Structures are given as structure tokens and as C-alpha cells.
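Below are my notes as numbered points, with each cut-off given where its term comes up.

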Amino acid sequence: MKETQDISRLLRERGARVTPARLRVLALLRGAERGLSHHDVEKALDDGTPVDRVTLYRVLDWLVEQGLAHKTADEQRVFRFSAASTGGEPHQAHAHFVCDDCGKVFCLEDTPRAAPRLPAGFASTQVEFEVHGHCAACNVPVEARR
């Protein structure tokens, strides 16, 4: 109940309508332990009241545009979505750590200060930084995990 109220508040703060699809998708992303593909989200929401595929694409893209979710591509170039840990500003420069083992995406506090210089005539709309590697849980030697 509290989670639904928090999500409703976040949506209203952005001047958006609070729809069942937005509530369900953002709640799912916030509870996920790793980045989810569109198919993962669609499958998880297929509980008797599924979300239309086109609506789901629109909701995911809207959440990213609003800074409530992040969209990263995995090594197979499949987009994965994860909830933003801070509910940051849309199009704000942001850095992520992507674990190559478990697929979790972590928001990083520090973001490089300077964006790359663009050629004449180019205009950026968003700057993203990604660091790939092994998260703390996956970086533990296999023998120590047992």
C-alpha cells in the first residue's frame, strides 16, 4: 500500500496521470533485483490483467524520459529497464554500474563532470555513463560463496 502511494506521488509530481499500467510497471521495476527486458516485464505482469504490449513500450519509455527508470543495453543488445534509485531529473547526466554476471544495474553517485565535446551542429539531449564489471556479490570467489 505504501509503495503504491509513493509511486502515485512520484507520478503526480511529474504532472502525469496515475494509471494502473504506470503503477504496476514502476512497482515491478522497483522490486526487481536486476534490469528487466520488455519481455520480462510483460511476462511478470501477465497475471490475469495483462498490460497491452504497445502500452508497455510507451510506459517504459515514458518512465525513462521522466527519470524514474533507466534503460541500458546488455551484451546481447537487449534493452533492460531498472528503477532509478533517486527518481532523478529527466535527461540529467547519470552513471550506472552494470554487473556483467548477474545483470543488476546500480546507480552511481559520482558522474564524470564533463560530457564529450560534440562536433559542430550536434546537440545532445541526454548523457549517460556506464561502467561494466562485477558487483560486490558476484566479485566474491566461487569458493567463498559456498
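**Notes on the fold, its buried residues and its pockets**

1. Let me start with helix 4, where L56, V59, L60, W62, L63 and V64 are buried. Buried here means under 20% relative accessible area, with exposed over 50% and partly exposed in between (1.4 Å probe, protein chains only). Helices (H or I, at least four residues) and strands (E, at least two) are DSSP runs, numbered from the N terminus. The buried residues of helix 4 pack against helix 1, helix 2, helix 3, strand 1 and strand 2, where a contact means heavy atoms within 4.5 Å.

2. Please keep in mind that this is a predicted model, in which local features need pLDDT of at least 70 and side-chain atom pairs count only at pLDDT 80 or more, while totals for chains, interfaces and linings use all residues. Residues are numbered from 1 along each chain as its sequence is written, and side-chain values use heavy atoms, leaving out hydrogens and water.

3. Now the overall picture. The protein has five helices and five strands, and along the sequence they follow the pattern α-α-α-α-β-β-β-β-β-α. Of its 146 residues, 34% count as buried. Among contacts with a separation of 6 or more, 50% come from residues 24 or more positions apart. The protein exposes about 9700 Å², and carbon and sulfur atoms supply 51% of that area; the areas come from the Shrake-Rupley method with a 1.4 Å probe, and for residues only the protein chains shown count as cover.

4. Back to helix 4, for its geometry. With 13 residues, helix 4 reaches 18 Å from its first C-alpha to its last, close to the 18 Å expected at 1.5 Å a residue. That expected span is 1.5 Å times one less than the number of residues. Within helix 4 sits L63, which counts as buried at 0% relative accessibility. Not counting residues up to four places away in sequence, L63 touches V25, L26, L29, L68 and A69. The C-alpha atoms of L63 and F81 are separated by 9.5 Å, with the two residues 18 apart along the chain.

5. The buried residues in helix 2 are A21, R22, L23, V25, L26 and L29. Their cover includes helix 1 (2-13), helix 3 (38-44), helix 4 (53-65), strand 1 and strand 2.

6. What does L10 touch, not counting residues up to four places away in sequence? The partners of L10 are R30 and L68. L10 lies in helix 1 and is buried, with a relative accessible area of 11%. L10 and L68 are 58 residues apart along the chain, and their C-alpha atoms are separated by 8.3 Å.

7. Two serines deserve a look. S37 is placed in the loop between helix 2 and helix 3 and is buried, at a relative accessible area of 7%. Leaving aside neighbours within four places in sequence, S37 is in contact with V78, F79 and R80. S82 is in strand 2 and is buried as well, at 8%. Not counting residues up to four places away, S82 touches L29, G35, A69, H70 and V105.

8. On to the pockets. A pocket is found on a 1 Å grid over the protein atoms alone, as an open set of points where a 1.4 Å probe fits, with protein on both sides within 12 Å along at least five of seven lines; lining residues have an atom within 4 Å of a point. The largest pocket has a volume of about 190 Å³, the volume being the space filled by probe spheres set on points joined across faces, edges and corners. Its lining has 14 residues, with L29, A32, S82, A83 and V105 nearest the centre. Strand 4 gives the most to this lining, with three residues.

9. The second largest pocket holds about 150 Å³ of space. Of the 15 residues that line it, D74, E75, R80, C99 and G103 are the closest to its centre. Strand 1 (69-73) and strand 3 (94-99) each supply at least two residues of that lining.
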